[in-house]
Amino acid sequence: MDMQGTRQLAVTQQQAWDALNDPQVLQACIPGCESIEATGENAYALVNAIKVGPVAARFKGAIELADVQAPSSYTLRFEGNGGAAGFGKGSAQVSLAPQGEGCELAYTVHASVGGKIAQVGQRLIDGVAKSMAESFFKRFEEEMRRRHGPAEEEAPAEQPGALKKMWGKLTGGGKEGAAQDGESAAS
C-alpha cells in the first residue's frame, strides 16, 4: 500500500514539529491508539486497536524515527503484530515547510500487511488507511487549535447602544420585558 498527501496547518513549523514528536499528542490523534511510550532516543512502543472489515485486533508494535532533520523532516519506520490477525510494517517520510502564517505537512507512506488482515482485500485496506489518515489529521488540527488557538482576529467595533437594543429584543423590549421576565421567574 502506498499513500501520499499534503496538509496545510495553521501552526508554525516548530509547533507542528514539537507536536509530531510528542507521544501524548500522537496518542490522542492516532485512531485506536491505546498507548505510546518512549523506549529510547527516537524509538517508541505502540499499542493500537485496528478494525479492517471483519478483522479486528490489537497491534503491538514499534516506531523508530530516522534521518531526523529537525524541524523539517524525518523518516518514520513502523512495524506491528496483531497475533492471528496478522502484521503490518512500513515507513513514512514526513516533511514540514513554512508556508505563509502556518506550514505545510507532506507525507509519503509505504506499508505492507500480512496474515488475515491481508486477506480482506487491498481496496478495503486502502480505504481504512485513508480513513485513519483523515481522522488523524482532523484530530491533529483540533489539538493544534486547542493548544495554540486560532489566529487572533480584531473584533468589529461595537456601536453605542447596540448591546442594549439586542437585550431589549431578547427580553421582549425595554422595562416591560424585564418585568415580565421577573413575573415568569416567580411563577
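Student: Where is Val94 placed?

Tutor: In strand E6 (residues 87-99). Strands (E, at least two residues) and helices (H or I, at least four) are DSSP runs, numbered from the N terminus. This is a predicted model: local features need pLDDT of at least 70, side-chain atom pairs count only at pLDDT 80 or more, and totals for chains, interfaces and linings use all residues. Residues are numbered from 1 along each chain as its sequence is written, and side-chain values use heavy atoms, leaving out hydrogens and water.

Student: Why does Val94 count as buried?

Tutor: Its relative accessibility is 15%. Buried means under 20% relative accessible area, exposed over 50%, and partly exposed in between (1.4 Å probe, protein chains only). Val94 is under the buried limit, so it counts as buried.

Student: What does Val94 touch, not counting residues up to four places away in sequence?

Tutor: Leu20, Ser72, Ser73, Tyr74, Leu105 and Ala106. A contact is a pair with heavy atoms within 4.5 Å. Tyr107 is 13 residues from Val94 along the chain, and their C-alpha atoms are separated by 4.6 Å. For Leu76 and Val94, 18 residues apart in sequence, the C-alpha distance is 7.5 Å. Leu76 lies in strand E5 (residues 73-81).

Student: What makes Glu134 and Arg7 a salt bridge?

Tutor: Their closest N and O atoms are 3.0 Å apart. The rule asks for a side-chain nitrogen of Lys or Arg within 4 Å of a carboxyl oxygen of Asp or Glu. This pair meets the rule, so the name applies. The bridge also spans the chain: Glu134 is in helix H4 and Arg7 in strand E1 (residues 2-9), 127 residues apart.

Student: How do the two partners class by accessibility, buried or exposed or in between?

Tutor: Arg7 has 17%, so it is buried. Glu134 has 44%, so it is partly exposed.

Student: What other salt bridge does Arg7 make with Glu141, and at what N to O distance?

Tutor: The side chains of Arg7 and Glu141 meet at 3.7 Å, N to O. Arg7 lies in strand E1 and Glu141 in helix H4, so this bridge ties together parts 134 residues apart in sequence. Glu141 counts as partly exposed at 24%.

Student: How far apart along helix H4 are Glu143 and Arg146?

Tutor: Three residues, which means about one helical turn. Their closest N and O atoms are 2.6 Å apart, and the pair forms a salt bridge. Glu143 is buried at 11%, whereas Arg146 is exposed at 61%. Bridges with shared partners join Asp22, Glu143, Arg146 and Arg147 into one network. The whole structure holds six salt bridges.

Student: How do you know how helices H1 and H4 are placed against each other?

Tutor: Two packed helices are described by the angle and the distance between their axes. For H1 (residues 13-20) and H4 (residues 122-148), the axes come within 11 Å and cross at roughly 115°. Axes are lines fitted to C-alpha atoms, for helices over the stretch in contact, with angles from 0 to 180 degrees between N-to-C directions.

Student: Which residues meet, and what classes do they belong to?

Tutor: From H1, Gln15, Ala16, Ala19 and Leu20 meet Phe136, Phe140, Met144 and His148 in H4. That contact has six nonpolar, two polar and no charged residues. Ala, Val, Leu, Ile, Met, Phe, Trp, Tyr, Cys and Pro are nonpolar; Asp, Glu, Lys and Arg are charged; the others, Gly among them, are polar.

Student: How many helices and strands does the chain have, and how much of it is buried?

Tutor: Six helices and seven strands. Of its 187 residues, 34% count as buried.
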